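Hello,

Here is the structure I said I would pass on. Please open it first, and then read the notes below.

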Amino acid sequence: MPNGGCCPTMDLLRSEPMQLAQLIIPMESAHRTISYLGDLGLFQFKDLNTEKSPFQRTYAAQIKRCGEMARKLRFIREQMTKAGLTPSSRSTFVTSVNLDDLEVKLGDLEEELLEMNVNSGQLQRSYNELVEYKLVLQKAGEFFHLAQSRATAHHQEVEVQTLVDGSINRPLLLEQEMSMDPTKQVKLGFISGLVMRERSMAFERILFRATRGNVFLKQVVVEDPVIDPVSGDKVEKNVFVIFYSGERAKTKVLKICDAFGANRYPFTDDIGKQYQMITEVSAKLSELKSTIDVGLHHQATVLQAIGCEFEQWNLMVKQEKSIYHVLNMLSLDVTKKCLVGEGWCPISATNQIKNALQRAALDSNSQVGAIFHVLQAKESPPTYFRTNKFTSAFQEIVDAYGVAKYQEANPGVYTIVTFPFLFAVMFGDWGHGICLFLATLYLIFREKKFSNQKLGDIMEMAFGGRYVIMMMALFSIYTGFIYNEFFSVPFELFGHSAYGCRDPSCRDASTLGLVKVRDTYPFGVDPEWHGSRSELPFLNSLKMKMSILLGVAQMNLGIVLSYFNAKFFGNDINVWYQFVPQMIFLNSLFGYLSLLIIVKWCTGSQADLYHVMIYMFLSPTDDLGDNQLFVGQKFIQLLLLLLALVAVPWMLIPKPLLLKKQHEERHRGQSYEPLKSLEDSFEVEMKSASRAEEEFEFSEVLVHQLIHTIEFVLGAVSNTASYLRLWALSLAHSELSSVFYEKVLLLAWGFNNVIILIIGIVVFIFATVGVLLVMETLSAFLHALRLHWVEFQNKFYEGDGYKFSPFSFASIGEDDDERAFVRS
């Protein structure tokens with residue numbers, strides 16, 4: 001433990017030592033104190049008012065006030081978005097604004113913007129109405145002008161015909177009509193306007209049915225969409241003119257127009273007045289356009305001025321709201337002059353927190369400073385690991401399974417190496433590894449730019465795990481050198497192959513006729529193995545045995561970490577009755593198998609390891625014959641089999657009995673501990689009281705231990721078999737890469753045609769990127785994740801803790817103004 005909390009431990013293996021502290025803060029310095037602690041970001045407050053609803057708490061009015069200010073800021077942001085402006089992330093000048101002044105300023109800005117919106121909306125509606133009115137005048141005027149021209153021509157034609165034909169066969173009715181008084185002629189009324197084009201057919205049918213065909217409708221299509229004055233949307237419309245006779249028909253027509261949302265506009269059949277009205281409407285349109293432009297320019301100027309300080313105001317309101325949420329977690333003392341708060345903090349941050357409390361008291365001119373007091377904690381503290389941008393992604397992989405218990409061994413330390421290595425075992429190709437590495441370097445070099453942008457879901461995950469992918473790529477290059485594969489093509493990078501032709505006739509042979517002419521290839525797989533008839537059996541055997549060795553090694557690491565956990569927490573029962581029998585059982589079977597693999601590799605023996613392991617259980621006393629790898633193997637196998645059988649009851653029986661004995665001793669008060677101080681005495685009393693309250697059910701403990709034993713025994717077999725996925729995925733990746741190279745690239749090359757070659761290269765690139773660099777990467781990632789979560793972490797990792805979530809201004813997100821800032 002650091003003395004006085006002088007410096008952080010920076011120990012990633014175990015979470016930082018935490019303490020439960022009590023803060024007694026005077027009312028006059030409470031706000032500034034919480035603000036300084038928010039800047040520090042190392043104190044997690046506990047809610048001491050859980051029995052009160054949000055509306056019954058002390059600072060509910062202030063939170064409501066901040067919420068109203070946040071609503072006004074959201075309104076201003078919406079106006080800026082509509083105007084095509086974005087708030088400046090970097091303010092050109094920093095101004096100190098008081099919250100009261102900001103509230104008044106935001107209210108004035110909201111009223112001004114609302115007034116601008118109302119005026120702009122009215123002007124825009126008038127402008128859109130005038131645009132429609134002008135269209136009606138033009139289209140309907142053309143119709144009336146055409147109709148009058150036709151009528152005049154027809155009238156002249158009739159007059160000429162009358163004068164020419166002076167016979168007695170002239171119609172008498174025509175003479176009567178021509179001699180009739182014009183005042184007695186029937187005059188038709190008309191209504192003009194615009195209706196939406198999609199409703200025009202229904203509009204025409206309803207008019208016909210409602211008036212029984214006693215109206216005449218003329219529609220003209222408007223070529224370009226127009227903005228509807230009511231809805232403000234761009235729609236396609238038709239100009240219509242309806243002729244009717246009588247007031248009843250007019251009433252029906254007006255009701256139908258209203259029902260269909262048709263906009264009606266006055267129109268005259270006088271051509272002179274039509275031209276005059278078009279001129280007046282055009283002048284009004286020009287005047288309204290200039291007025292609207294001036295208004296929009298003024299609004300843009302106001303919003304640009306706001307944009308320079310918007311982020312500062314937004315951050316200020318968020319911080320104030322979060323401060324009042326924290327103040328609502330504190331409880332008032334009896335005198336109502338102080339606020340009392342409790343929470344967790346790292347022991348290493350004690351001095352920093354005390355300094356923040358002192359600065360807050362001085363800056364607020366408080367006569368009494370805040371008191372920092374360490375409490376004795378009953379519950380388990382939160383888990384806090386200090387991570388950086390490199391280790392945080394690996395820690396998130398572990399935390400996705402479960403947050404480590406307080407000061408439990410952290411798998412994240414080993415995951416930094418083991419996770420990308422196991423991925424690379426399945427993805428081994430140094431050509432593909434270089435492609436991944438270059439893509440990751442792009443993300444790393446531009447991380448400052450990307451960190452300030454909103455990325456898509458997939459891009460966000462890739463950017464967050466950029467250092468994980470970088471490590472995966474580096475390890476893939478390493479394992480690719482071992483497998484000697486560059487897009488499935490072998491290279492003699494570390495020297496010449498150890499094999500050569502017996503004579504010139506075997507130059508095109510695979511392995512027939514090859515002899516070893518040099519020393520063994522110094523690093524990785526000999527390039528002559530690739531393309532030979534024995535390539536697949538050789539690589540299968542190599543990768544399968546390597547998978548077993550890696551799996552047994554990682555499972556042993558997990559069991560060893562369970563030993564360090566037990567020693568750290570002082571649990572000797574877990575050391576002797578869990579760690580020891582588990583190590584014996586696992587290594588008596590699969591540790592022995594790993595030893596046989598290594599011995600076979602070193603000696604070059606032809607022994608069948610399947611036969612050895614199977615008959616070790618079925619016929620342990622039989623002679624091994626040709627499968628014997630070393631002297632005394634039969635005796636060692638009998639001994640290991642006996643130890644494995646003994647380890648099972650060793651795990652099952654003693655631990656529940658010893659736990660029952662311990663509980664009985666505590667219950668009778670026979671467990672004593674030396675006391676060093678009064679605080680230790682109080683701690684021991686609290687522990688003994690809590691233990692006495694616990695009920696011990698021997699049957700439950702026995703069943704739990706039985707389940708744990710069966711799970712480990714069966715899991716030792718299934719987990720070892722699960723590591724064979726390393727072999728399977730490595731083989732699949734290699735074969736897919738070989739297929740794309742031979743069946744696409746080389747096949748296209750063999751046609752001696754430039755177009756086919758270009759098509760083959762394009763298909764090869766897309767297949768490599770889409771299948772091998774994306775799908776295979778995701779597949780290998782998920783399998784490596786499963787091996788760590790299930791096969792590795794279940795040996796020692798409980799993962800039932802909870803994260804340290806301090807109150808910090810740095811953690812305030814984009815949407816904190818829309819939800820309560822509550823810290824548990």
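Start with G193, whose bridge partner in strand 8 is R264. Please keep in mind throughout that this is a predicted model.

Strand 3, residues 189–196, and strand 8 run antiparallel and are joined by three bridges. In general, the strands of a sheet pair through backbone hydrogen bonds, in either a parallel or an antiparallel way. Here, four strands form an open sheet in the order 4-7-3-8, and the pairing is antiparallel. Which strands stand at the edges? They are strand 4 (216–221) and strand 8 (263–265); each has a single partner strand, so one side of each has no neighbour in the sheet. From one strand to the next, the twist averages 25°.

Next, the surface. V754, I758, I761, V762, I765, F766, V769, V774 and M775 make a nonpolar patch of about 850 Å². One of these residues, F766, lies in helix 23, which covers residues 754–792. Is F766 buried or exposed? F766 counts as exposed because its relative accessibility is 63%, and the cut-off for exposed is over 50%.

Last, the cysteines. A disulfide is a covalent bond between the sulfur atoms of two cysteines. How many disulfides does a search of the whole structure find? The search finds zero. Two cysteines can be described by their accessibility. C66 has a relative accessible area of 0%, so C66 is buried. C308, with a relative accessible area of 29%, is partly exposed, because that value falls between the limits of 20% for buried and 50% for exposed.

Regards

Methods. Residues are numbered from 1 along each chain as its sequence is written. This is a predicted model: local features need pLDDT of at least 70, side-chain atom pairs count only at pLDDT 80 or more; totals for chains, interfaces and linings use all residues. Side-chain values use heavy atoms; hydrogens and water are left out. Patches are made of residues with over 30% relative accessible area and no salt bridge: like charges are joined within 9 Å, nonpolar side chains (Val, Leu, Ile, Met, Phe, Trp, Tyr) within 5 Å. Accessible areas come from the Shrake-Rupley method with a 1.4 Å probe; for residues, only the protein chains shown count as cover. A salt bridge is a side-chain nitrogen of Lys or Arg within 4 Å of a carboxyl oxygen of Asp or Glu. Helices (H or I, at least four residues) and strands (E, at least two) are DSSP runs, numbered from the N terminus. Buried means under 20% relative accessible area, exposed over 50%, partly exposed in between (1.4 Å probe, protein chains only). A disulfide is a pair of cysteine sulfur atoms within 2.5 Å. Two strands pair if DSSP finds at least two bridges between them. Axes are lines fitted to C-alpha atoms, for helices over the stretch in contact, and angles run from 0 to 180 degrees between N-to-C directions.
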